[in-house]
Amino acid sequence: MVSESTVQKAELSVTDIRPSRGWVALHLRDLWKYRELIYFLIWRDVKVRYKQAALGVAWAVIQPVMTMVVFSVIFGELARLPTDGDIPYPVFSYVALLPWHLFANALQKSGISLVGNANLITKIYFPRLVIPVSAVVSGLVDFAIAFLVLLGLMAYYHLPLSWNMLWLPLLILLALATALAAGLWLSALNVQYRDVQHMIPFLTTVWMYASPVVYSSSLIPEGNWQVIYALNPMVGVIQGFRWALLGAQAPDASLAVSSAVVVLLLATGLFFFRRMERTFADIV
Amino acid sequence: MSDVAIRVENLGKRYRIGALSQRRDTLRDQLVYLGTRLVTPLRGRGTLAQPLDEVWALRDVSFEVRHGQVLGVIGRNGAGKSTLLKILSRITEPTTGNVRIRGRVGSLLEVGTGFHPELTGRENIYLNGAILGMKRTEIERKFDEIVAFSEVEQFIDTPVKRYSSGMYLRLAFAVAAHLEPEILVVDEVLAVGDAEFQRKCLGKMSDVAQQGRTVLFVSHNMSAILRLTQESIVLEKGRLALRAPSPQAVDHYLSAGHDRAGERIWESSEIPPEAAPFQPVALRLRDRRGGIVDTVRSTEPFVVEMEYILSAPLTGLRVGFYLFTARGEAVLTSFDLDETAMFERHTNRPAGRYLSRCLLPADILNQGRYTLAVNASSYNVRRYFMDEQALEFNVDITGAPGMQWSEPRPGAIRPRLEWQIEALKP
């Protein structure tokens with residue numbers, strides 16, 4: 001598609017524009033060149049999100065807390081689903097809801113991000129990857145706020161913190177990578193087929209029940225079922241969160257499977273996105 | 001060789017448009033399409049992949065722009081100007097050919113791209129600057145200058161949704177005007193805002209041109225083209241028709257094509273399939289003697305007439321025009337069914353050939369160049385046909401009120417008004 005090189009003699013960057021065919025190189029370095037744009041798009045997202053909302057930033061907390069309350073009543077009190085060990089159900093579900101909401105919001109936002117930014121895509125050039133990437137990352141602010149509530153909750157139940165918490169950044173990265181991988185596929189498809197944006201909420205709901213958010217992954221039978229279950233990358237992420245924060249069983253094997261799936265999904269997603277990219281401005 | 005900033009070779013861009021029923025824009029359509037492909041494998045790709053109509057928005061265009069040159073790009077709507085700019089600014093890819101560009105390109109296809117209504121003026125300057133490709137340090141350095149140019153100092157910390165449209169445009173243009181790429185690609189950004197602001201923008205543009213920057217300037221405003229550029233290219237139906245000194249190129253453009261001056265004739269290839277059953281034939285401007293003219297005298301009435309065919313009866317159809325100044329400011333809008341009596345008599349139109357004729361009285365328009373846009377629609381139901389640039393014409397004001405003074409008078413209209421002077425007793 002486009003290659004850039006600096007010609008010493010002319011001291012001006014040279015851009016060649018020609019039609020591209022088939023699969024093209026990823027040019028991930030371009031993302032770095034446009035890091036300031038990513039920063040400003042995230043900044044815009046965060047700034048705008050709670051403007052003119054009476055409760056403002058509180059929504060970042062209300063959403064997961066209310067979900068936790070509902071889950072605690074239905075799955076904890078009524079259905080009496082077992083947790084890992086003797087962890088109180090509210091903490092048990094909230095620890096899972098944190099990465100889950102991070103993931104689900106990132107997936108939703110990145111999935112519709114290209115269509116939502118059609119005005120930019122049709123008027124300005126920049127690597128299109130900037131858009132889903134910034135949509136995914138902007139959820140971290142909400143996550144950080146909701147995380148503070150968790151610390152309060154753990155103090156309330158007298159649960160100790162452990163050094164395993166230091167693994168959390170890697171687990172967060174895995175959750176974001178999963179959202180980005182799926183988001184790349186969905187956003188590129190959504191440019192052509194608006195069916196995708198109607199599908200995302202449904203997909204998210206199904207995905208949630210395929211992840212150990214309301215129940216413990218120990219309910220899944222041992223052996224092959226556990227491996228198949230771990231094909232869902234969010235299984236490893238949520239197990240990891242429960243292990244790092246609540247001392248539940250370590251996710252060892254499933255985390256390896258999850259990571260492999262994410263790498264595969266992300267790599268194919270990137271190539272697919274780049275392949276579709278050339279027609280975004282024409283059909284969005 | 002290195003003197004060339006932009007080299008365009010055999011550039012072409014093909015779009016697939018096709019009738020709506022043939023597009024596969026939804027998943028269902030795609031599935032149906034794939035299903036059809038599967039059950040009729042022998043017909044193969046050729047027959048089923050072809051029904052999409054293909055349109056070459058740009059075809060075999062080649063030209064060069066030297067460093068420091070300001071080149072105008074002119075052409076009618078659909079001539080390929082926007083497509084050319086989109087390819088040069090890397091928004092879309094060409095289908096054929098290639099372009100080599102030496103230098104950083106900044107493109108302004110509209111002002112205020114990415115402005116967010118909820119953000120303040122200050123915040124939008126940073127956001128818009130970043131979107132246009134400025135570094136944060138660069139924006140910080142120019143911030144005060146941008147604010148001063150925009151004249152919205154007092155409101156810089158107010159969300160832009162509370163701005164008037166004029167303030168919004170001034171701020172948006174101010175950011176864009178402080179972009180400093182080696183090559184600047186500009187599309188029609190001057191066609192907005194009030195006259196005062198447009199003058200300021202034109203001033204800024206000619207500063208840019210004089211700084212030795214390479215500029216590609218697209219406009220429908222011929223006086224801006226003449227003022228800012230020495231040389232222009234003319235695009236016609238996607239092809240490069242002419243490259244010449246700007247006065248010559250403007251002449252060619254204004255008298256181009258098979259349309260006689262004062263008349264616009266639509267060929268069937270120019271009418272989108274969605275227009276059916278409405279089929280425009282011609283738009284004409286006639287003086288009071290009935291001759292087709294492209295210059296009308298402001299002191300005489302003149303006629304705007306639209307000829308069209310209805311291939312099926314239509315209810316509620318109204319045919320009319322918008323009148324714009326050369327700068328794109330709307331002057332007036334009128335439809336053939338505006339009068340209640342006309343509405344009652346003609347709201348049901350059987351199939352057939354029609355002429356909707358409008359008589360504009362004398363002493364309405366001021367001197368200058370005007371554009372007629374045509375619209376055929378059913379209110380709140382459907383727009384059958386729209387041509388935003390159907391016809392251009394001039395108004396000559398010989399004999400108009402106030403001609404004893406040679407000053408140009410601002411304003412699109414120049415009515416003959418009744419004045420009275422009374423001497424009052426002290």
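This is a predicted model: local features need pLDDT of at least 70, side-chain atom pairs count only at pLDDT 80 or more; totals for chains, interfaces and linings use all residues.
**Close-up views of chains A and B**

View 1. A:V14 stands opposite B:R102, a residue of β4(B). Strand β2 of chain A, residues 12-17, is joined to β4(B) by 4 bridges, and the two strands run antiparallel. In general, the strands of a sheet pair through backbone hydrogen bonds, in either a parallel or an antiparallel manner.

**View 2. The side of chain B that touches chain A.** Contacts link 39 residues of chain B with 34 residues of chain A. On chain B, α3 (81-88), β4 (96-102) and α4 (121-131) each supply at least two residues of this side. The largest share, 6 residues, comes from β4(B). By class, this side of chain B has 14 nonpolar, 12 polar and 13 charged residues.

**View 3. The open sheet of chain B.** Its 6 strands follow the order β5-β6-β7-β3-β8-β9, with mixed pairing. The edge strands of chain B are β5 (105-108) and β9 (239-245), each of which pairs on one side only. From one strand to the next, the twist averages 15 degrees.

**View 4. The edge strand β5(B) and its partner.** Strand β6 of chain B, residues 183-187, runs parallel to β5(B), and 4 bridges join the two. Within this pair, B:G106 has B:L184 of β6(B) as its bridge partner.

**View 5. Helix α9 of chain B against the strands.** Helix α9 (residues 246-254) lies across β3 (70-75), β8 (231-236) and β9 of chain B.

Methods: Residues are numbered from 1 along each chain as its sequence is written. Chains are lettered from A and ligands numbered from 1 in the order in which they are written. Two strands pair if DSSP finds at least two bridges between them. Axes are lines fitted to C-alpha atoms, for helices over the stretch in contact, and angles run from 0 to 180 degrees between N-to-C directions. Two residues are in contact if their C-beta atoms, placed from the backbone, lie within 7 Å. Ala, Val, Leu, Ile, Met, Phe, Trp, Tyr, Cys and Pro count as nonpolar, Asp, Glu, Lys and Arg as charged, and the others, Gly among them, as polar.
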